[in-house]
Number of protein chains: 2
Amino acid sequence: MAKGHNHFLTEAHISAIVYGSMAKKIAILGSTGSIGKNALRVIDALGPEYEIVALSANSSVELLAEQARRYQPRFAAITNADFADELRELVGDLSIEILAGPDSLTEIAQLEEVDILLTAIVGAAGLPAVLAAAKCGKTLAIANKEPLVIAGELLMETARKNGSTIVPVDSEHSAIFQAMQAGAPGEVSKIILTGSGGPFRNATSENIQNVTLKEALSHPVWDMGPKITIDSATMVNKALEVIEAHWLFDVPVEKIEVLIHPESIVHSLVEFVDGSLIAQLGNPDMCLPIQYALTYPARVGGIAKRVRLANIGKLTFEKPNSEVFRALPLGYEVARTGGTAAAVFNAANETAVQEFLEGRIKFVNIAELIEYCLNKHNAKTTASLEDLLQADAWARREVLECLKQKVR
Amino acid sequence: MAKGHNHFLTEAHISAIVYGSMAKKIAILGSTGSIGKNALRVIDALGPEYEIVALSANSSVELLAEQARRYQPRFAAITNADFADELRELVGDLSIEILAGPDSLTEIAQLEEVDILLTAIVGAAGLPAVLAAAKCGKTLAIANKEPLVIAGELLMETARKNGSTIVPVDSEHSAIFQAMQAGAPGEVSKIILTGSGGPFRNATSENIQNVTLKEALSHPVWDMGPKITIDSATMVNKALEVIEAHWLFDVPVEKIEVLIHPESIVHSLVEFVDGSLIAQLGNPDMCLPIQYALTYPARVGGIAKRVRLANIGKLTFEKPNSEVFRALPLGYEVARTGGTAAAVFNAANETAVQEFLEGRIKFVNIAELIEYCLNKHNAKTTASLEDLLQADAWARREVLECLKQKVR
């Protein structure tokens with residue numbers, strides 16, 4: 001090589017050379033959603049040691065194109081193939097391989113170039129990709145609840161067999177994951193999942209009947225996507241988290257407790273056999289658990305704002321109201337049943353929430369529809385992926401069928 | 001051996017045979033004090049895997065004799081030799097070796113039979129024994145603040161060189177020790193020491209002037225010995241803990257913060273570089289940190305009562321008032337100065353508290369006498385054990401001298 005060429009190296013070039021081989025290579029499934037956008041902010045701040053190799057979106061083609069232009073990943077996937085041509089048009093000038101259709105997620109999950117797969121796709125859609133990544137031994141940063149809810153047993157077993165590390169991104173499970181490091185897994189006596197209680201925390205069984213969509217979408221603490229905001233208002237969110245924690249931490253459901261904590265500063269706690277409680281605290285900001293999942297097991301400086309307890313003044317705690325929030329006891333029941341029950345719970349909820357968001361049903365109908373499906377379902381206690389997907393599809397149809405009949 | 005003898009084996013015999021060689025052998029320095037008594041309750045509950053090989057007291061000869069009769073240690077030490085004959089009389093019928101005088105503590109610390117030395121002696125008296133145990137590579141469960149306050153640098157260096165593990169027993173430092181396991185030591189950005197604020201938390205600079213001994217001895221949360229209760233009321237306690245944390249966790253004093261938390265449920269917190277806060281919570285009960293120090297790194301079931309946050313309802317936090325509690329900024333100053341300054345701070349306080357307990361000075365005089373000594377002292381920045389003990393003795397004389405002059 002000719003001398004003198006070195007002075008053409010920019011800082012970015014040097015970083016690329018220095019970090020090139022050791023950079024952590026990240027794929028984000030769902031980069032245009034709330035978690036995905038925050039993840040990109042976190043990666044911006046983490047610097048050149050973290051490289052984005054793939055991005056995906058369902059139908060937000062313009063934002064995906066914008067992100068692709070900025071981060072120049074090797075792959076960009078659009079799962080709704082109707083938007084594939086538009087995406088090709090928007091980023092055709094870049095050397096990015098465009099993937100389209102639902103299978104593109106699984107394709108990304110298996111890419112040799114990917115070290116960490118961050119999954120942030122609402123609903124059951126990301127499930128095959130998550131399982132594929134676990135089979136390839138990837139590090140999985142899971143931000144959506146569904147993979148562990150629907151296929152928790154299968155996923156954890158696959159991860160164990162193939163040396164895949166699963167790091168939760170949900171603030172509660174990240175808190176538990178962090179707190180559990182203060183003891184051995186066998187020394188855990190209780191997992192205490194905190195929840196803000198959502199916008200209807202103080203509601204009665206009566207006044208919960210008439211809440212509006214707008215009220216349900218006004219979460220007091222967290223700024224999240226609409227589906228998760230509704231799940232928080234119904235406390236389906238917390239029910240799903242109980243199921244998720246059960247599989248992720250291999251803890252029986254009897255040892256998992258839900259605690260209402262409106263300030264959302266204590267993100268969850270672990271009680272050990274000696275009676276010691278370890279808690280993780282932070283501002284309600286997803287950037288912290290996203291970053292921890294990407295840098296784990298290390299911690300590095302980041303963009304999350306610091307908590308000042310003296311300024312906050314007080315933290316409050318109360319028991320959840322299982323009579324008003326029917327989804328919570330249903331969640332426990334489902335976790336105890338195992339098998340296909342959680343897939344039904346999740347799919348019935350997903351479908352019902354969509355109906356609610358589109359103004360076709362009332363808020364309280366969501367839990368009612370879940371209960372309706374669970375009562376009608378014959379749960380298989382040991383379930384293959386096929387069984388789970390079938391139960392999922394059955395529950396979706398069942399919700400819509402039930403609503404049609406009512407309309408008649 | 002003749003057959004048939006086996007049926008004479010009691011459960012205790014079997015336990016002794018099973019656990020005999022692997023039992024953890026514990027010596028308690030200060031077994032008749034508040035911590036010592038709790039430690040014995042904890043060890044009772046832990047069962048035959050934990051064996052008491054030595055007990056010590058200063059002058060509480062009757063209680064020591066009672067404990068010796070119950071636990072049958074191989075050694076019992078009375079540091080005030082005036083009580084040696086009485087002790088011999090009281091337990092002469094047992095096969096216990098009686099040690100007497102201040103050096104008996106060092107003798108116990110070096111015993112080959114001792115695995116864990118639990119030091120719970122108020123004041124500077126236990127210092128040589130603690131250093132001797134560190135030199136022998138023992139596990140040190142330190143319940144009194146003075147060894148780390150007076151000789152923190154020396155002790156940590158000695159422990160490092162000789163493979164001695166130091167596990168704190170103080171509830172705050174135990175909390176920090178536990179919380180630090182959720183990250184690497186280099187990832188700690190702040191240590192947040194909580195304190196109840198003591199009985200005068202809401203006092204003004206004016207009304208603190210006239211508090212009585214009885215008021216100062218009425219701690220709102222913790223049931224402790226008189227010296228530590230007064231230290232809590234003056235916040236000298238928190239000042240000593242800042243210095244202790246500085247050495248124990250190798251964290252600069254600028255990164256140590258004091259936070260008032262009247263409910264004393266959050267025992268302290270660690271903030272990591274990413275902004276994540278890890279806290280340890282528990283009831284205000286010394287049995288939990290004592291047990292953790294004895295079973296570390298394992299956790300086992302114990303007698304500490306569980307915290308129920310929903311029943312507690314709220315936890316509050318506020319900044320400490322450094323204008324009313326003068327000892328707190330003095331403690332930070334001392335920690336920054338290093339060398340002999342902390343020995344002077346501690347000795348001046350110990351002497352002043354004794355004067356206050358005996359009704360000879362006012363509550364506010366305690367901090368005044370500490371400040372007086374610190375102002376008069378020429379701190380050596382690098383200090384040998386001899387320098388430290390000299391500074392300690394000097395400060396004690398100085399306090400008494402100052403009081404004599406005032407009386408004239």
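Q: How many bridges join strand 1 to strand 5 of chain A, and which way do the two run?
A: Strands of a sheet pair through backbone hydrogen bonds, parallel or antiparallel. Here, strand 1 (residues 24-29) and strand 5 (residues 116-119) of chain A run parallel, joined by four bridges. Ile26(A) stands opposite Ile116(A) of strand 5. Strands pair when DSSP finds at least two bridges between them. Strands (E, at least two residues) and helices (H or I, at least four) are DSSP runs numbered from the N terminus.

Q: What should I know about the model and its numbering?
A: The model is predicted: local features need pLDDT of at least 70, side-chain atom pairs need pLDDT 80 or more, and totals for chains, interfaces and linings use all residues. Residues count from 1 along each chain as written, chains are lettered from A and ligands numbered from 1 in written order, and side-chain values use heavy atoms, without hydrogens or water.

Q: What is the strand order of the sheet in chain A?
A: The sheet is open, with seven strands in the order 4-3-2-1-5-6-7 and parallel pairing. Strand 4 (97-100) and strand 7 (166-168) of chain A each have a single partner strand, so one side of each lacks a neighbour in the sheet. The twist averages 20° from one strand to the next.

Q: Which strands does helix 12 of chain A lie across?
A: Helix 12 (residues 287-295) lies across strands 1, 2 (50-57), 5, 6 (139-142) and 7 of chain A. It runs at about 135° to strand 1 of chain A. Axes are fitted to C-alpha atoms, for helices over the stretch in contact, with angles from 0 to 180 degrees between N-to-C directions.

Q: How many aromatic pairs does the search find?
A: Ring centres must lie within 6.5 Å; planes under 30 degrees apart are stacked, over 60 edge-to-face, the rest tilted. The whole structure has ten pairs over all chains. Phe177(A) and Tyr292(A) have centres 6.4 Å apart and planes at 70°, so they are edge-to-face. Phe177(A) is in helix 8 (residues 171-179) and Tyr292(A) in helix 12 of chain A, 115 residues apart. Phe177(A), Tyr292(A) and Tyr296(A) form one cluster.

Q: Is Tyr296(A) buried, partly exposed or exposed?
A: Buried means under 20% relative accessible area, exposed over 50%, partly exposed in between (1.4 Å probe, protein chains only). Tyr296(A), at 27%, counts as partly exposed. Phe177(A), at 15%, counts as buried.

Q: What rotation superposes chain A on chain B?
A: A rotation of 180°, with 0.0 Å of shift along its axis, does it (RMSD 0.0 Å). The copies are thus related as by a two-fold rotation axis. Superposition is by least squares on C-alpha atoms of residues with pLDDT of at least 70 in both.

Notes
Contact = heavy atoms within 4.5 Å. Phe/Tyr/Trp six-rings, centres within 6.5 Å; stacked < 30°, edge-to-face > 60°.
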